Amino acid sequence: MGLALVVAACSTESGPDNGQNSLRPKGPVAEKIDNLFTPIFWIAVAVGVFITVATIFVAVRYRQRKGSDDRPKQIHGNTPLEIGWTLVPALILAVIAVPTVSVIFDLAEEPADPLEVTAVGKQWWWQFDYPKQVGVDAKIVTANEMHIPTGRDVFVNLTACDPSLPGGADDNPGCNVIHSFWVPELAGKRDVVPGRTNTMKLRADEAGTYLGQCAEYCGLSHANMRFRVIAQSPDDFADWVAGQVEGPTVSVEDSDAAELFTAKFQCTNCHTTEDSSASVYGPNLTHFASRETFASGYYETTRERLIQWILDAPSLIPMESEDCRLPPSPFENTCVGMPSFTTDTPEGQPTMTQAEAETLADYLLELT
Ligand code: CUA
């Protein structure tokens with residue numbers, strides 16, 4: 001009964017669609033992996049059942065009986081047996097290796113004419129950079145939500161370091177941990193390692209939102225390091241690109257939040273709201289309100305939640321961010337995450353009122 005319950009979680013027919021089911025592939029890359037997984041799974045089941053049944057049979061059939069002290073027949077050094085149980089597993093592994101190796105090479109092949117995206121794993125959120133290319137008129141930097149067109153191969157460069165930050169690729173905050181990029185319904189896992197760029201390809205056949213997750217322990221908020229892949233028809237994707245390459249809907253100087261954002265709370269130390277092609281320490285907020293979620297895809301973008309976040313982000317997601325409010329710049333401190341503006345305020349730094357947080361939130365929500 002217990003086994004039935006556990007196995008029910010894997011159902012692809014009627015089971016709950018949790019958005020992260022690798023047995024429910026939604027693109028050719030995930031399909032190839034699933035097609036490889038299924039036969040190997042059944043070979044493993046056959047081996048497992050055979051070994052279990054044989055072990056139980058031998059244990060029962062040849063157990064020591066009362067009144068008998070016969071020693072079992074000694075078979076040590078039996079050459080045919082030794083060769084047999086060496087060859088059979090080797091043969092099974094050889095059979096499994098043929099499709100496995102071929103799929104590995106197939107998945108590593110660079111697609112022709114892909115959409116290129118760079119995913120930068122930070123502590124603890126994902127930045128997505130779109131270089132200028134066919135269909136993307138200017139560089140785009142966004143966070144947490146990776147938009148892709150359906151039916152087109154996407155080639156993702158994976159890096160744990162943001163080379164455009166001060167300190168370069170080797171020495172900026174958060175650049176010393178390994179993440180892992182995983183969208184179960186579209187592709188396999190791939191580690192995101194400081195000091196090198198890994199690549200992966202993926203493709204979505206149908207429009208939809210596919211949930212991703214960092215799959216390598218990377219510190220305090222690893223479990224909250226989510227993201228989404230939003231697959232859209234090519235027309236909808238082109239509309240999204242057109243919106244992202246534009247300047248902000250409201251310039252910060254013209255907004256009520258100007259003084260709070262740039263001077264009093266120095267949000268501009270880590271964020272920008274003025275340039276959607278700029279890579280900065282924190283998420284690029286130029287088109288913040290165009291995203292369904294914020295805080296590494298953890299919270300839906302609602303006014304109430306955003307105000308709470310601006311006031312005291314570490315109460316919503318655990319972070320190591322006390323240092324982030326120390327002047328002059330976060331890069332010289334070892335801070336990661338969005339600081340609290342209501343608790344643990346360093347000496348000389350202002351604390352934030354509810355009204356100030358509302359002003360900031362209303363400004364950000366204008367940035368569609
Ligand atoms: Cu990033 Cu776990």
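## A walk around the model

Start by selecting Ile43, Val47, Phe50, Ile51, Val88, Ile92 and Val95, which make a nonpolar surface patch of about 590 Å². You're looking at a predicted model, where local features need pLDDT of at least 70 and side-chain atom pairs count only at pLDDT 80 or more, while totals for chains, interfaces and linings use all residues. Residue numbers run from 1 along each chain as its sequence is written, and side-chain values use heavy atoms, with hydrogens and water left out.

What counts as a patch here? Its residues have over 30% relative accessible area and no salt bridge; like charges are joined within 9 Å, and nonpolar side chains (Val, Leu, Ile, Met, Phe, Trp, Tyr) within 5 Å. The areas come from the Shrake-Rupley method with a 1.4 Å probe, and for residues only the protein chains shown count as cover.

Now color the helices α2 (28-61) and α3 (79-108), the elements that give two or more residues to the nonpolar patch. Which helix gives the largest share? That's α2, with four residues. (Helices are DSSP runs of H or I with at least four residues, strands are runs of E with at least two, and both are numbered from the N terminus.)

Zoom in on isoleucine 43, in helix α2. Isoleucine 43 counts as partly exposed because its relative accessibility is 32%; buried means under 20% relative accessible area, exposed over 50%, and partly exposed in between (1.4 Å probe, protein chains only).

**On to the charges**

Side chains of opposite charge can pair when their charged atoms come close. The rule for a salt bridge is a side-chain nitrogen of Lys or Arg within 4 Å of a carboxyl oxygen of Asp or Glu, and that gives eight of them.

Select arginine 203 and aspartate 153 next: their closest N and O atoms are 3.6 Å apart, in a salt bridge. This pair links distant parts of the chain, 50 residues apart: arginine 203 sits in the loop between β8 (198-202) and β9 (208-214), and aspartate 153 in the loop between β4 (145-149) and β5 (154-159). Together, Asp153, Arg203 and Asp205 are linked in a network. How accessible is each member? Arginine 203 is partly exposed at 25%, aspartate 153 is partly exposed at 22%, and aspartate 205 is partly exposed at 41%.

Jump to aspartate 362 and arginine 303, another salt bridge, with the closest N and O atoms 2.7 Å apart. Here the link runs from helix α7 (aspartate 362) to helix α6 (arginine 303), 59 residues apart. Aspartate 362 is partly exposed at 33%, and so is arginine 303, at 37%.

**Between those helices**

Follow the chain to threonine 342, in the loop between α6 (303-312) and α7 (354-365). What does threonine 342 touch, not counting residues up to four places away in sequence? Pick out Leu311, Asp312 and Met352; contact means heavy atoms within 4.5 Å. Threonine 342 is partly exposed, at 34% relative accessible area.

**Last stop**

Select Glu253, Asp254, Glu274 and Asp275, which form a negative surface patch. Asp and Glu count as negative, Lys and Arg as positive, and His and the chain ends are not counted. Each charge is placed at NZ of Lys, CZ of Arg, CG of Asp or CD of Glu. Finish on aspartate 275, in the loop between α5 (258-264) and β11 (293-294), where a relative accessibility of 34% makes aspartate 275 partly exposed.
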